[in-house]
Amino acid sequence: MKKIILAAALAVSGLALPALASGNIDEATQAKVTEQLTAQGYEVRKIDSEDGMIEVYALKDGKKFELYLNEALEIVKSKEQG
């Protein structure tokens, strides 16, 4: 009985870990993204992740942007926000 409970607990915790990790961008990557986008004229406000991509909220020329970067830190999608 203890083995079944232990196996169930491990299975549940294993499923939860990827979900928790997907929303976190490590500090080194955040620093690289901020440095890169600042050099392009953006003022980075928030860095997160969504659908396996890095999601960045930033300002440029007084306008708000939602940027999506791939693993190579390239902007693959940009949306100007009202």
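Visitor: Why is R45 called exposed?
Guide: R45 has a relative accessibility of 55%. Exposed means over 50%, so R45 counts as exposed. Note that this is a predicted model.

Visitor: What makes the contact of E43 and R45 a salt bridge?
Guide: The distance between the side chains of E43 and R45 is 2.9 Å, N to O. The cut-off is a Lys or Arg side-chain nitrogen within 4 Å of an Asp or Glu carboxyl oxygen, so the pair qualifies. Side chains of opposite charge can pair when their charged atoms come close.

Visitor: How many salt bridges does a search of the whole structure find?
Guide: One.

Visitor: Why is E43 called partly exposed?
Guide: Its relative accessibility is 44%.

Visitor: Where does G62 lie, and how far is G62 from E43?
Guide: G62 is in the loop between β2 (53-60) and β3 (63-69). G62 and E43 are 19 residues apart in sequence. In space, their C-alpha atoms are 9.7 Å apart.

Visitor: Is G62 buried or exposed, and how do you know?
Guide: G62 has 78% relative accessibility. The threshold for exposed is over 50%, so G62 counts as exposed.

Visitor: What is the overall fold pattern?
Guide: Along the sequence the pattern reads α-α-β-β-β-β. That gives two helices and four strands.

Visitor: What order do the strands take in the sheet?
Guide: The order is β1-β2-β3-β4, in an open sheet with antiparallel pairing.

Visitor: Why are β1 and β4 called edge strands?
Guide: β1 (43-50) and β4 (75-81) each have a single partner strand, so one side of each is left without a neighbour in the sheet. Neighbouring strands of this sheet are turned by 20° against each other on average, direction ignored.

Visitor: How do you know that β2 and β3 pair?
Guide: They share seven bridges, in the antiparallel sense. Pairing needs at least two bridges, so β2 and β3 count as paired. Across this pair, Y57 stands opposite E66 in β3.

Visitor: What makes α2 a helix packed on the sheet?
Guide: Helix α2 (residues 27-39) touches β1, β2, β3 and β4. Its direction makes about 135° with that of β1.

Visitor: How do you know that β1 and β2 pair?
Guide: Seven bridges join β1 to β2, and the two run antiparallel. At least two bridges are required, so this pair also passes. V44 stands opposite A58 in β2.

Visitor: Why is D51 called exposed?
Guide: The relative accessible area of D51 is 74%. Exposed means over 50%, so D51 is exposed.

Visitor: Is L73 buried or exposed, and how do you know?
Guide: L73 has a relative accessible area of 14%. Buried means under 20%, so L73 is buried.

Visitor: Which residues make up the largest nonpolar core?
Guide: There are twelve in all, among them I25, I47, F65 and L73. The elements that give two or more residues to this core are α2, β2 and β3.

Visitor: Which residues does I47 contact, leaving aside its neighbours within four places in sequence?
Guide: I47 is in contact with I25, Q30, V33, T34, I54, E55 and V56.

Visitor: Which contacts does T29 make, leaving aside its neighbours within four places in sequence?
Guide: T29, in helix α2, is in contact with I54 and L73. The C-alpha atoms of T29 and I54 are separated by 9.5 Å, and the two are 25 residues apart along the chain.

Visitor: What share of the protein counts as buried?
Guide: Of its 82 residues, 21%. The protein exposes about 6,000 Å², and carbon and sulfur atoms supply 57% of that area.

Notes. Residues numbered from 1 in each chain as written. Predicted model: local features only at pLDDT ≥ 70, side-chain atom pairs only at ≥ 80, totals over all residues. Heavy atoms only, no water. Buried < 20%, exposed > 50% of the residue type's maximum accessible area, 1.4 Å probe, protein only. Areas by Shrake-Rupley, 256 points an atom, 1.4 Å probe, with all protein chains shown as cover. Axes fitted to C-alpha atoms, helices over the stretch in contact; angles between N-to-C directions. Contact = heavy atoms within 4.5 Å. Core = buried A, V, L, I, M, F, W, Y, C linked by side-chain atoms within 4.5 Å.
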